[in-house]
Amino acid sequence: MKPQVVFVLGGPGAGKGTQCAKIVQNFNYIHLSAGDLLREERSREGSEVGQLIDSYIKDGKIVPVEITIKLLKQAMEKIMQQDQEKYNFLIDGFPRNKDNLQGWEKDMEGKADVRFILFFDCSNEVCVNRCLERGKNSGRTDDNRESLEKRIQTYLTSTRPIINQYSKQGKVRTVDASRSVEEVFADVKRILETEG
Ligand code: UP5
Ligand code: MG
């Protein structure tokens with residue numbers, strides 16, 4: 001059985017991680033956050049790319065896909081080796097730009113099916129405020145005004161075009177993510193129930 005993938009996209013702080021956690025509690029999915037994997041790699045002792053990841057994240061720039069795809073593949077393979085039944089993946093925060101998409105297609109085309117894109121649509125203002133609020137104790141190096149401005153710019157110029165591209169293929173399921181966690185999840189649930 002090939003891994004079945006849902007890409008989870010949306011601006012910084014749109015609620016991707018929060019909603020993925022709720023999906024995992026209610027549906028048979030494994031959650032892989034590309035950002036979490038990169039942060040883990042950044043703090044891994046002996047990592048050759050830790051410093052590079054660190055500077056990209058602070059700058060709100062998108063890490064070269066070779067790094068991200070390697071981490072994603074490793075995580076997927078590890079899970080599938082442990083349990084053959086686990087092949088539904090939520091890939092959160094990826095692909096964010098053309099380079100990401102090309103890297104995915106190069107390595108994963110034919111090896112995994114991208115079923116659809118779950119898009120958390122949220123205004124920049126709400127996104128920024130959520131991240132600033134979280135930044136009071138998240139310890140994330142990019143939850144500050146300066147990094148957030150860059151993250152939003154990167155999102156608008158690099159990630160939105162990817163979402164638009166998938167949209168033209170009829171692959172995007174959009175949720176208004178500016179509402180409460182429960183309201184957003186009610187829509188997410190409906191989408192996942194419809195998609196089967
Ligand atoms: N919150 C969530 N939902 C809420 C709601 N409905 N109402 C009120 N509050 C809500 O939520 C953010 C905050 O908002 C939390 O405090 C939450 O409680 C609250 P969260 O669920 O964490 O949102 P999420 O969309 O996951 O936000 P995150 O900050 O993780 O988004 P980003 O996309 O910015 O971060 P990510 O970790 O994906 O990437 C970070 C960086 O890594 C990128 O900027 C980039 O530099 C790098 N990166 C790559 O280079 N390549 C990749 O493929 C992935 C990442
Ligand atoms: Mg997240």
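Okay, let me start with the contacts: if you take pairs in this protein that sit at least 6 apart in sequence, 79% of them join residues at least 24 apart. Keep in mind that this is a predicted model.

Now the overall build. We have eight helices and five strands, and reading from the N terminus the order goes β-α-β-α-α-α-β-α-β-α-α-β-α. For 196 residues, a compact globule would come out with a radius of gyration near 16 Å, and the protein has 16 Å, so that agrees. The C-alpha trace spans about 45 × 40 × 30 Å along its principal axes. As for burial, 32% of the 196 residues count as buried.

So what sits in the core? In general, nonpolar side chains in soluble globular proteins tend to be buried together. Here the largest nonpolar core has 38 residues, and F7, V8, L72, L90 and I91 have the most contacts inside it. Take F7: leaving out neighbours within four places in sequence, F7 is in contact with I91, F94, P95, V114 and I117.

Let's follow that last one. I117 is in strand β4, residues 113–121, and it counts as buried because 23 other C-beta atoms lie within 10 Å, where 20 or more is the cut-off. Beyond four places in sequence, I117 contacts F7, L9, I163, Y166, K171, V172 and R173.

Next, helix α5, residues 98–108. Which residues of α5 are buried? They are N100, G103 and W104. Those residues cover an arc of only 100° around the axis, which puts them on the same side of α5. The general point is that an α-helix has 3.6 residues a turn, so residues three or four places apart point the same way. Over on the other side of α5, Q102, E105 and K106 are exposed. Part of what covers the buried side is α4, residues 65–82. And just after α5, G110 has a positive phi of about 85°.

Last topic: the annotated positions. UniProt, in an unreviewed entry, gives "binding site" at G13, A14, G15, K16, G17, T18, R134 and R179.

K61 is in the loop between α3 (50–58) and α4; it is partly exposed, with 16 other C-beta atoms within 10 Å, and it touches Y56 and T154 once residues up to four places away are set aside. R96 is in the loop between β3 (88–92) and α5. With 24 other C-beta atoms within 10 Å, R96 is buried, and its contacts beyond four places in sequence are I62, S158, T159 and I162.

How values were computed:
Residues are numbered from 1 along each chain as its sequence is written. Chains are lettered from A and ligands numbered from 1 in the order in which they are written. This is a predicted model: local features need pLDDT of at least 70, side-chain atom pairs count only at pLDDT 80 or more; totals for chains, interfaces and linings use all residues. Helices (H or I, at least four residues) and strands (E, at least two) are DSSP runs, numbered from the N terminus. The radius of gyration is taken over C-alpha atoms; the globule rule is 2.2 Å times the number of residues to the power 0.38. A residue is buried if 20 or more other C-beta atoms lie within 10 Å of its own, exposed if 12 or fewer, and partly exposed in between; C-beta atoms are placed from the backbone. Two residues are in contact if their C-beta atoms, placed from the backbone, lie within 7 Å. UniProt positions are given in the numbering used here, feature names are shortened, and annotations may be inferred rather than shown by experiment. A nonpolar core is a set of buried Ala, Val, Leu, Ile, Met, Phe, Trp, Tyr and Cys residues joined through C-beta atoms within 7 Å. The arc is that of the directions from the helix axis to the C-beta atoms.
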